[in-house]
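Biologist: I would like to learn how to read a few features of a model. Please take them one at a time, general idea before particular case.

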Amino acid sequence: MRLLSPSLLPSAAALLLLMAAQAKQVYEYWDIGYLITNRGIPNLESKKAIGVNNHFPLPVVRADKGDTLVLNVHNSLDVGTSLHAHGLFQRGTNYYDGVPMTTACPIAPGTNFTYYIPLDQAGTYWIHGHSKEQNFDGLRTPLIINEPEGPYNKIDEEFLFTVEDWWPITFEQSMDIIAAPHGLEYIFGKLPGALINGYDGALARPLAFQPGKTYRIRLVNMASMPEAEFVIDDHDLQIIEVDGVSTKPKTVKVVRLAPGQRLSVLVKTKPSSNLNYNYHITIMGDYLPSIPGIFPVTHTSPIIYNNKSTKFAATAMPLASGPFDDINIESLEYLPALIADRSLFLNLTSGFTEKEYSHRESINYKVYRDPIVPTMFTALTTPDSMAINPITYGPQTSAHVLKYDEVIEVLLWSPTARPHPIHLHGHVFQVIERGSVKDKTGETRKIVPQHIAGYSPLMRDTVMVDAGGYVVIRFRADNPGVWNLHCHFDWHMGQGMNMLFVEAPKQMKEILKVPEQIVEQCRRQGIPVEGN
């Protein structure tokens, strides 16, 4: 099958490009290169990090639904790079999903590349490096897509908080440590700091509130390992968005986000300015070693109602909290629980595999390895009879071939002492059930209500599978392309906890017409673009 340039697209795809051309184009110019920095965190060693335009933090990308993001990239690194717009469906543009050797080749050192990404969704997302887990070394920033006619637009102002862990070693150095005997014990000898909105968490900025107002607060966990909790003293948080999906309002006191997750809350302020308050962001994780000032650590900053007053409300920290409740939050748009056409069992295993003796992370005992030909090219250039056979894509990719429009149920099973924030590219999924893998009585089982008419299960793209727990998700295979499912702990991804869904190969050939710049990046690096 010939790979077509945009000038040769068939009518349906040409119409898509015409529509995109009529929308506003949002331009970003990123020179991705190295910086030596400790990100301003006291007593933390500097390291070779990856920034943009010789600067940290990276620019926040903002646009409106219906725009096209034109992201012009120059790679000043000495290795390949790529960018993934986390949470975007990339419907019809699978080749811009930014996963090297899955949807394209990496951007070669010293070269230029342009992403053209139609922004057909609204909500809170982020962009991060997907080559060699460059996210870990700083290549990450929020992507905020506004919706002028959105359901929660009647607000007075909005605030954005991003959370990151910042390690004094590079991802490559960390992987060398982990691969050594007892490496997991030694890795925490290089303790990280915490960043809030790109700066030392201890310097988190104050907020200014006015009485009788409504504020939207967007939260993005861009960390490589820890979870993050957010709370405001004596204020309710009303959840209205999870992973880019609008939800029915849900009032809580505290919210928790795993790496890769995002959410928005509304905060209705007090009627008077008699008191000031504090907000708290806690970097934590039950699965992390307890290290005072590191895991957990709480960064506190004031919320000023009255800048002439020194009176503050009593702090509520620490608040008793627990894992995020995916089961009892509903998506705003009604979609009843999907009926599965078939089910997949994915065993998220840590520390052992069939044939390897060093520490690895795997899915169904398979450690992911990049194929020689990017998987999307394989699907597009092999006969239909081969493209529907998972063997075509190599055992190291753990590929599952999905039929167009079938509903897939996935049982995510974590029998070890490690949790896993699992992210699915190209989709949101319904969270149907969660519980303990050792539960024989159903005591820990939580399942979406079956008896409530009109109940719409929460849809999201990243779900936390607790240590010793399981989660059942369902999604419809209506987005032809090749999509990764992987753990969003950078170390786990780097050690092999990744797999592929090859979705509707026949329809892929009808919809995906690969731009010449994608093919050229492969050719200049000697990477084949046909067959398997």
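The dialogue below goes through strands, a helix and aromatic rings.

Modeller: A caution comes before the features. This is a predicted model, in which local features need pLDDT of at least 70 and side-chain atom pairs count only at pLDDT 80 or more, while totals for chains, interfaces and linings use all residues. Residues are numbered from 1 along each chain as its sequence is written, and side-chain values use heavy atoms, with hydrogens and water left out.

Biologist: What is the strand order in the open sheet of four strands?

Modeller: Strands of a sheet pair through backbone hydrogen bonds, in a parallel or an antiparallel sense. Here the order is E2-E1-E4-E6, and the pairing is mixed. (Strands are DSSP runs of E, at least two residues, and helices are runs of H or I, at least four, numbered from the N terminus; two strands pair if DSSP finds at least two bridges between them.) E2 (47-52) and E6 (112-118) are at the edges with a single partner strand each, so one side of each has no neighbour in the sheet. Strand E1 (residues 25-37) pairs with E2 in the antiparallel sense over six bridges, and Gly 33 has Gly 51 in E2 as its bridge partner.

Biologist: Which residues of helix H2 are buried?

Modeller: An α-helix has 3.6 residues a turn, so residues three or four places apart point the same way. In H2 (residues 171-179), Phe 171, Ser 174, Met 175 and Ile 178 are buried (under 20% relative accessible area; exposed is over 50%, partly exposed in between, with a 1.4 Å probe and protein chains only). They cover an arc of only 100 degrees around the axis, which puts them on the same side of H2; the arc is that of the directions from the helix axis to the C-beta atoms. Glu 172 and Asp 176 are exposed on the other side.

Biologist: How many residues of strand E15 are buried?

Modeller: Six of the six residues of E15 (residues 237-242) are buried, so the strand is largely enclosed by the rest of the structure. E15 pairs in the antiparallel sense with strand E16 (residues 245-252) over five bridges, and with strand E18 (residues 262-268) over four.

Biologist: Where does Lys 47 lie?

Modeller: A charge sits over a ring if NZ of Lys or CZ of Arg is within 6 Å of the ring centre and within 35 degrees of the ring normal. Lys 47 lies over the face of Trp 166, at 4.4 Å from the ring centre. Arg 39 lies over the face of Phe 56, at 4.1 Å from the ring centre.
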